[in-house]
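Please open the model in a viewer and keep the selection tool at hand. The tour visits pockets and then a pair of helices.

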Amino acid sequence: MPRSSPLALLDVQGLAKQYGDATVFSGVDLQVAAGEFVAILGESGVGKSTLLNCIAGLDSVAGGSVHIQGTRITALSETEQALFRRAHLGFVFQAFHVLPHLSVAHNVGLPLLLQQRPDDARVDAMLQAVGLQGFAARLPQTLSGGQLQRVALARALVHRPQLILADEPTGNLDPATAEKMMDLLATQVREQGAACVLVTHSRSAAARADRVLTLTAQGMAS
């Protein structure tokens, strides 16, 4: 049985994903230490977003294991996975997944509210960090794609998660704003001792990582 590495905050071993008879990927091994930033590149359709979903317990796996801080996520029930994500993970979704009926501030503060530790000052600080000061009361439908991307990033980081999973977090941003958001992500990783896994098509974004890996159907390569 695969064992969690004592040095890895994230330890993925032999992970496999299938849709019906089609194999998306198999044999994926990945270890990420606290304070480490890892980028994953790969061709479209190879399963980069699916890999992040499997790591987070948002999608089922066909084989292998995922340990986060020593907890085997792949062995937890759906409810246990949801509670674990709420406490320990920050996920930047490519499709944003903001709640349309909540204001920008309430969307960003949702992770803190779910943990029963609301912190308006922390929310305001995150909005300042992503350049959305003055947007707190706005609703998502009044924002541009780039602004929604920054809301998603602020929400993922506001509760200082131990593991950040980022799916194309700069895809809707202009180059200057993208650089600032990558600075914010890197600061969270290094100053808070978090681990980050970024999947992207952008080689400039990937260049900010400590390691760059490539996902193929047969697994991960450096």
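How much space lies in the largest pocket? The volume, taken as the space filled by probe spheres set on grid points joined across faces, edges and corners, is about 490 Å³. A pocket here is an open set of points on a 1 Å grid over the protein atoms alone, where a 1.4 Å probe fits, with protein on both sides within 12 Å along at least five of seven lines; lining residues have an atom within 4 Å of a point. This is a predicted model, in which local features need pLDDT of at least 70, side-chain atom pairs count only at pLDDT 80 or more, and totals for chains, interfaces and linings use all residues. Residues are numbered from 1 along each chain as its sequence is written, and side-chain values use heavy atoms, without hydrogens and water.

Select Arg85, Arg86, Phe93, Pro111 and Leu114, the closest to the pocket's centre among its 16 lining residues. Two or more lining residues come from each of α2 (78-88), β6 (89-92), α3 (104-114) and α5 (145-157); these are DSSP runs numbered from the N terminus, helices being H or I of at least four residues and strands E of at least two.

Next, select the lining of the second largest pocket, which includes Leu102, His106, Asp119 and Val123. About 180 Å³ of space lies there, and α3 gives the most to the lining, with 6 residues.

Finally, display α5 with α6 (residues 175-192). Arg150, Leu153 and Leu157 in α5 meet Thr177, Met181, Leu184, Leu185 and Gln188 in α6, contact meaning heavy atoms within 4.5 Å.
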